[in-house]
Amino acid sequence: MASTAAGQVIRCRAAVAWEAGKPLVIEEVEVAPPQAMEVRIKVLFGSLCRTDVNFWEAKGQTPLFPRIFGHEAAGIVESVGEGVADLKPGDHVLPVFTGECKECRHCKSQESNMCDLLRINTDRGVMLNDGKTRFSINGKPIYHFVGTSTFSEYTVVHVGCVVKINPEAPLDKICVLSCGISTGLGATLNVAKPKKGSSVAVFGLGAVGLAAAEGARIAGASRIIGVDLNPKRFEEAKKFGVTEFVNPKDYDKPVQEVIAEMTDGGVDRSVECTGNISAMISAFECVHDGWGVAVLVGVPNKDVVFKTHPINILNGRTLKGTFFGNYKPRSDLPSVVEKYMNKELELEKFITHEVTFSEINKAFDYMLARDGLRCIIRMDG
């Protein structure tokens with residue numbers, strides 16, 4: 001059982017990844033008190049994102065072990081470090097993998113959410129304050145992951161990565177807003193910005209793509225075309241407002257030509273959520289000339305090159321990218337929570353599984369089997 005005392009070390013359970021690709025092990029860890037500008041959070045609910053799995057597998061990523069993964073979660077502030085003014089013990093919060101210091105040029109700009117101090121860093125396994133970890137087992141450091149490490153009953157996070165939210169919001173639902181769902185939703189609502197009655201194509205119908213479709217539904221798009229190589233995803237996607245489906249494998253021509261024929265020249269907006277370079281090019285080339293906007297969300301292999309004929313741009317198509325749906329975490333996520341509270345945003349349909357903390361490896365099994373969307377992890381079990 002976890003014990004708590006502000007300013008003291010807490011001993012609690014955490015799911016530790018000792019080696020790449022090996023099952024997580026529930027261990028008792030020591031969690032140090034928060035230092036200056038840090039917050040210690042009691043994590044109540046979490047969910048598993050594909051990014052956790054990718055870095056746990058460490059195929060192509062820099063391996064850093066032992067490590068505590070997890071970055072989609074919700075909890076309650078247990079204690080705060082020196083200099084933390086806008087959070088107090090008992091506040092309901094979302095820890096987020098990227099931050100908002102509110103002081104740098106990006107944070108002061110209305111056009112960016114890419115904080116100089118706190119933007120995502122997947123290689124760093126220590127805290128910014130002193131370059132040390134807050135987790136240990138018998139004095140051995142256990143590394144952090146993207147500044148959150150929420151697969152622990154308690155975690156320590158930089159205050160700029162902690163979002164205070166409505167205490168009435170159910171933490172077992174809104175925990176999914178810490179990463180993927182907000183990324184897809186914001187890509188549509190904040191970047192693509194489809195008009196009511198417009199047409200939108202969404203490439204990739206995983207959780208992020210379905211969140212992009214949900215954004216198109218909220219915006220009032222009349223046609224939402226889902227593009228995916230897996231036909232099993234099509235039925236599920238209808239719940240998110242998708243009206244038509246295209247499987248590129250069913251055609252002997254490029255999918256952008258198929259979509260252009262379906263929509264009298266192209267869709268008004270497209271959102272690409274796979275990271276596949278061919279899908280990225282198709283998403284751009286399938287938007288209508290003169291006004292079409294394509295938004296890239298998926299992260300591609302570092303060696304690929306985006307190629308298209310310049311005439312596609314000269315003819316009035318716009319290509320945009322986005323990071324975390326252009327949401328500034330501390331400033332903007334509370335309003336996303338309110339969209340859920342007002343029943344404008346539906347989160348329940350993203351949640352397809354639930355496990356207790358002691359069963360956390362089942363969540364990885366579901367993700368690896370591409371079974372469902374988000375798996376909720378109850379930290380009390």
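## Exercises on helices, loops and buried residues

In helix H4, the residues Gly180, Ile181, Thr183, Gly184, Leu185, Thr188 and Leu189 meet Ala207, Val208, Ala211, Ala212, Glu214, Gly215, Ala216, Ile218 and Ala219 of helix H5 (contact means heavy atoms within 4.5 Å; helices, H or I with at least four residues, and strands, E with at least two, are DSSP runs numbered from the N terminus).

This is a predicted model, where local features need pLDDT of at least 70 and side-chain atom pairs pLDDT 80 or more, while totals for chains, interfaces and linings use all residues. Residues are numbered from 1 along each chain, and side-chain values use heavy atoms, without hydrogens and water.

**Exercise 1.** At what angle do H4 and H5 pack, and how far apart are their axes?

*Solution.* Start by finding residues 180–192 for H4 and 207–219 for H5. The angle between the two helices is about 40°. Finally, their axes lie 7 Å apart (lines fitted to C-alpha atoms over the stretch in contact, with angles from 0 to 180 degrees between N-to-C directions).

**Exercise 2.** Find Thr98 and decide: is Thr98 buried or exposed?

*Solution.* First, go to the loop that joins strand E5 (92–95) to helix H2 (105–108), where Thr98 sits. Next, look at its relative accessible area, which is 0%, so Thr98 is buried (under 20% is buried, over 50% exposed, in between partly exposed, with a 1.4 Å probe and protein chains only). Last, list its partners: apart from neighbours within four places in sequence, Thr98 contacts Leu118, Arg119, Ile120, Cys161, Phe323, Phe324 and Pro329.

**Exercise 3.** Which residues of helix H1 are buried, and what do the buried residues of H1 pack against?

*Solution.* Helix H1 covers residues 50–57, and its buried members are Asp52, Val53, Phe55, Trp56 and Glu57. They pack against strand E3 (38–47) and also against helix H11 (360–368). Now step just past the end of H1: here Ala58 has a positive phi of about 55°.

**Exercise 4.** Which residues does Thr263 touch, beyond those up to four places away in sequence?

*Solution.* Look in the loop between H7 and strand E13 (269–272) to find Thr263. Its relative accessibility is 10%, so Thr263 counts as buried. The partners of Thr263 are Arg223 and Ile225.

**Exercise 5.** How far apart in space are the C-alpha atoms of Pro254 and Ser282, and what separation do you find for Ala369 and Val93?

*Solution.* Take Pro254, in the loop from strand E12 (244–246) to helix H7 (255–262). With a relative accessible area of 41%, Pro254 is partly exposed. From Pro254 to Ser282 you count 28 residues in sequence, and their C-alpha atoms are 7.6 Å apart. Then move to Ala369, in the loop between H11 and strand E17 (374–378). Ala369 is exposed at 54% relative accessibility. Ala369 and Val93 are 276 residues apart along the chain, and 31 Å separate their C-alpha atoms.

**Exercise 6.** What is phi of Lys102, what is phi of Asn326, and what kind of peptide bond joins Phe65 and Pro66?

*Solution.* Begin with the background: most residues other than glycine have a negative phi, and most peptide bonds are trans. Lys102, in the loop between E5 and H2, has a positive phi near 70°, and its 39% relative accessible area makes Lys102 partly exposed. Asn326 lies between strand E15 (318–321) and helix H10 (329–341), in a loop. Phi of Asn326 is positive too, near 60°, and Asn326 is partly exposed at 32%. Finally, the bond joining Phe65 and Pro66 is cis, with omega about -5°; Pro66 belongs to the loop between H1 and strand E4 (72–80).
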